[in-house]
Amino acid sequence: MMRAAAGRPCSANRSSPAPLERELGARPGLGTPGPRGLFLLPVTLSLEVSVGKATDIYAVNGTEILLPCTFSSCFGFEDLHFRWTYNSSDAFRVLIEGTVKNEKSDPKVTLKDDDRITLVGSTKEKMNNISIVLRDLEFSDTGKYTCHVKNPKENNLQHHATIFLQVVDKLEEVDNTVTLIILAVVGGVIGLLILILLIKKLIIFILKKTREKKKECLVSSSGNDNTENGLPGSKAEEKPPSKV
């Protein structure tokens, strides 16, 4: 039974040819012949190797650094072979090499070129981790470090990923002054806009209340004028009762 890696679709296992393929044979460059003269495209195998999102890293001379590497395979693996290599402008060498028997066993180192290197990964519980730690860094350690993986269960398919290490005297401190100034200016502008909106709403509210008071005064004043001038609805229109 095939085990699928999380989030990756699995293709059919092509380790043994199908009956139809054995009967009709395969034509080079055309894939596998299918029923009625149709040809099936070659299956894409699933081995992948990753060294993480950051492919350029910096470390201080004399310290240690973790070089990450993980792999995944939709088909699982048996007797998987891995190695780390170092490559600079004037040197190339294999740093560490080993095998992993199956998914229930940890990596076994078969070759190690430098005692400063330690394999810290584990392949149990589907971690598939073959990361290494390089201690006591030197400036000459600057270069490309490549993690190679070969999976016999996928017809010895190979894949690799590279990370570039730069060993420096000290890590440069990032000057955030400009960023802080920009954030302060943007925050000030936003605060000013909010203050202007609040003042605008307050002024509109005051003007509205003032207009309402003026309207009440006009209505009251108009009623008093009608009373004094004897207009309809005023007290002057009222007549005293006639005497009998």
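**Helix, sheet and side-chain contacts in a predicted model**

Ile203 lies in helix H2, which spans residues 177–229. The model described here is predicted.

The next element is a sheet. Six strands form an open sheet in the order S4-S13-S12-S7-S8-S9, and the pairing is mixed. Strands S4 (56–60) and S9 (108–112) stand at the edges. Each has a single partner strand, so one side of each is left without a neighbour in the sheet. On average, neighbouring strands are turned by 20 degrees against each other, direction ignored. Strands of a sheet pair through backbone hydrogen bonds, in either a parallel or an antiparallel way.

Strand S12 (residues 143–151) runs antiparallel to strand S13 (residues 157–168), and nine bridges join them. Two positions illustrate this pairing. Lys144 stands opposite Phe164 in S13, and Val149 stands opposite His159 in S13. Five residues lie between the two strands in their hairpin. There, Asn155 takes a positive phi near 55 degrees. S12 also pairs with S7 in the antiparallel sense, over seven bridges. Within this pairing, Thr85 has Thr146 of S12 as its bridge partner. S12 is mostly covered, with seven of its nine residues buried.

Aromatic contacts were examined next. A pair of aromatic rings is described by the distance of the centres and the angle of the planes. The count comes to two aromatic pairs. In one, the rings of Phe71 and Phe77 have their centres 5.3 Å apart. Their planes stand at 75 degrees, so the pair is edge-to-face, because the cut-off for this class is over 60 degrees. Phe71 and Phe77 are both buried. In the other, the ring centres of Tyr86 and Tyr145 are 5.1 Å apart. The planes of Tyr86 and Tyr145 are at 55 degrees, so this pair is tilted. Tyr86 is in strand S7 (residues 80–87) and Tyr145 is in strand S12. The pair links distant parts of the chain, 59 residues apart. Tyr86 is buried, with a relative accessible area of 4%. Tyr145 is buried as well, at 1% relative accessibility.

Three salt bridges are found in the whole structure. One joins Asp113 to Arg93, with the closest N and O atoms 3.0 Å apart. Asp113 sits in the loop between S9 and strand S10 (117–119), whereas Arg93 is in strand S8 (residues 92–100). The two residues are 20 residues apart. Asp113 counts as partly exposed at 44% relative accessibility. Arg93 also counts as partly exposed, at 28%.

Arg116 takes part in the other salt bridges. Its side chain meets that of Asp114 at 3.0 Å, N to O. The side chain of Arg116 also meets that of Asp141, at 2.8 Å. Arg116 is in the loop between S9 and S10, while Asp141 is in the loop between strand S11 (132–134) and S12. Arg116 and Asp141 are 25 residues apart. Arg116 counts as buried at 14% relative accessibility, and Asp141 counts as buried at 3%. Shared partners join Asp114, Arg116 and Asp141 into one network of salt bridges. Asp114 is buried too, like Arg116.

Definitions and conventions
Residues are numbered from 1 along each chain as its sequence is written. This is a predicted model: local features need pLDDT of at least 70, side-chain atom pairs count only at pLDDT 80 or more; totals for chains, interfaces and linings use all residues. Side-chain values use heavy atoms; hydrogens and water are left out. Two strands pair if DSSP finds at least two bridges between them. Helices (H or I, at least four residues) and strands (E, at least two) are DSSP runs, numbered from the N terminus. Axes are lines fitted to C-alpha atoms, for helices over the stretch in contact, and angles run from 0 to 180 degrees between N-to-C directions. Rings of Phe, Tyr and Trp (its six-membered ring) pair if their centres lie within 6.5 Å; planes under 30 degrees apart count as stacked, over 60 as edge-to-face and the rest as tilted. Buried means under 20% relative accessible area, exposed over 50%, partly exposed in between (1.4 Å probe, protein chains only). A salt bridge is a side-chain nitrogen of Lys or Arg within 4 Å of a carboxyl oxygen of Asp or Glu.
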